Amino acid sequence: MIATEHSDLSKLCVHTITTKPWNIEEAARNFSGAGVKGITVWRDALEGKDIRKTGQMLRDHGLSVVSLCRGGFFPHRDQIKRTDAIADNKKAIEEAWQLGTTMLVLVCGADPSQPLEESRKQIRDGIAAILPEAEAAGVKLTIEPLHPMYADTRSAINTLAQANDMAEALDSPWVGIAVDVYHLWWDPHLEQEIKRCGTNGNLSAFHICDWKSPTTDLLLDRGLMGEGCIPVRKIRSWVENAGFNGFNEVEIFSNAYWREEQSGFLKKIIHAYQNHS
Ligand code: ZN
């Protein structure tokens, strides 16, 4: 491809899970060849790998390592499991440091056997417990509010207002927030909460995809930008007006797209990025 076709891809990042059938070396080679500039690495892509060498391999392909996904899952009724979660999050911070990224995304977790308020308290305590490690490693802990349909087990933080409340209460330069359009597009307070997030210096990441209508699976049927009902371009403008100038991260979990030939899918991602985000 000629260089001009890549000229507006300078803020495009793709998550390794988006092209799950590729291993991380294939993802790096293909992302780089297509003009993608950033990569967010999911921990499963690092299994059995030398993490430092993998980080170097990504940089050698000209990719910025935007973040590591994911830590979190702090709440448990059982104290031993909460302690285990903190240990696993410290390990994730270490992995992020080895990989050479400055951001760890947190899917904060929830335990359906206890009230959401209790899960939120445990999330706050869990993040506070790992802040010293995050600071020492130079890794920002990035809270990602999740759609309320996941409030039973995946996250007790379901709106950007709740994430803002949590980040402001923790009040640390090592805590930030990821705005993911899939989780937040429906929120009538989204524009004002994005503004609040940016004003308080907490807007760390922006994840994009689309909500297909009808959707066939509430986890694994995410669409390409422009394929559904999310006003991605409008939300991006709110995020940018709030001062965000980082990567636009394409994060698509899709059984349908994972079945496709991935080079063709990557072309579709770039087309959707250029025309619908
Ligand atoms: Zn996300």
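Modeller: Buried means under 20% relative accessible area, exposed means over 50%, and partly exposed lies in between (1.4 Å probe, protein chains only). The model is predicted, with residues numbered from 1 along each chain as its sequence is written, and local features need pLDDT of at least 70, side-chain atom pairs 80 or more, while totals for chains, interfaces and linings use all residues. Side-chain values use heavy atoms, without hydrogens or water.

Biologist: Why does Glu 251 count as buried?

Modeller: Glu 251 has 3% relative accessibility, and that is under 20%, so the word applies. Asp 180 has 0%, so Asp 180 is buried too.

Biologist: What makes Glu 144, Asp 180, His 207 and Glu 251 donors of the zinc ion?

Modeller: Donors are N, O and S atoms within 2.8 Å of the metal (3.2 Å for Na, K and Ca); water is not among the atoms, so a site may look incomplete. The zinc ion is coordinated through OE of Glu 144, OD of Asp 180, ND1 of His 207 and OE of Glu 251, at 2.0 to 2.2 Å. Those distances are within 2.8 Å, so these atoms count as donors. Along the chain the spacing of the donors is E-x35-D-x26-H-x43-E.

Biologist: Which parts of the chain does the pair Asp 180 and Glu 251 tie together?

Modeller: Asp 180 belongs to strand S6 (residues 175-180), and Glu 251 to the loop between strand S10 (248-250) and helix H9 (255-259), so parts 71 residues apart in sequence are tied together. Helices (H or I, at least four residues) and strands (E, at least two) are DSSP runs, numbered from the N terminus.

Biologist: Why is the site of the zinc ion called irregular?

Modeller: Four donors are tetrahedral if all angles lie between 85 and 135 degrees; four are square planar and six octahedral if opposite donors are over 155 degrees apart and all others between 65 and 115; anything else is irregular. The 4 donor atoms here give angles of 83 to 151 degrees.

Biologist: What makes S3 largely enclosed by the rest of the structure?

Modeller: In S3, 7 of the 9 residues are buried, so the strand is largely enclosed. S4 is mostly covered, with 5 of its 5 residues buried. Met 103, Val 105 and Val 107 are on one side of S4, Leu 104 and Leu 106 on the other.

Biologist: Which residue does a cis peptide bond join to Cys 69?

Modeller: Arg 70, with omega about 5 degrees; Arg 70 is in strand S3. Another cis peptide bond joins Ser 213 and Pro 214, with omega about 0 degrees.

Biologist: Why is Phe 73 called partly exposed, and Asp 171 exposed?

Modeller: Phe 73 has 29% relative accessibility, which lies between 20% and 50%, so it is partly exposed. Asp 171 has 65%, which is over 50%, so Asp 171 is exposed. Neither is a glycine, yet phi is positive, about 50 degrees for Phe 73 and about 45 degrees for Asp 171. Phe 73 is in the loop between S3 and helix H3 (79-99), and Asp 171 in the loop between helix H5 (160-170) and S6.
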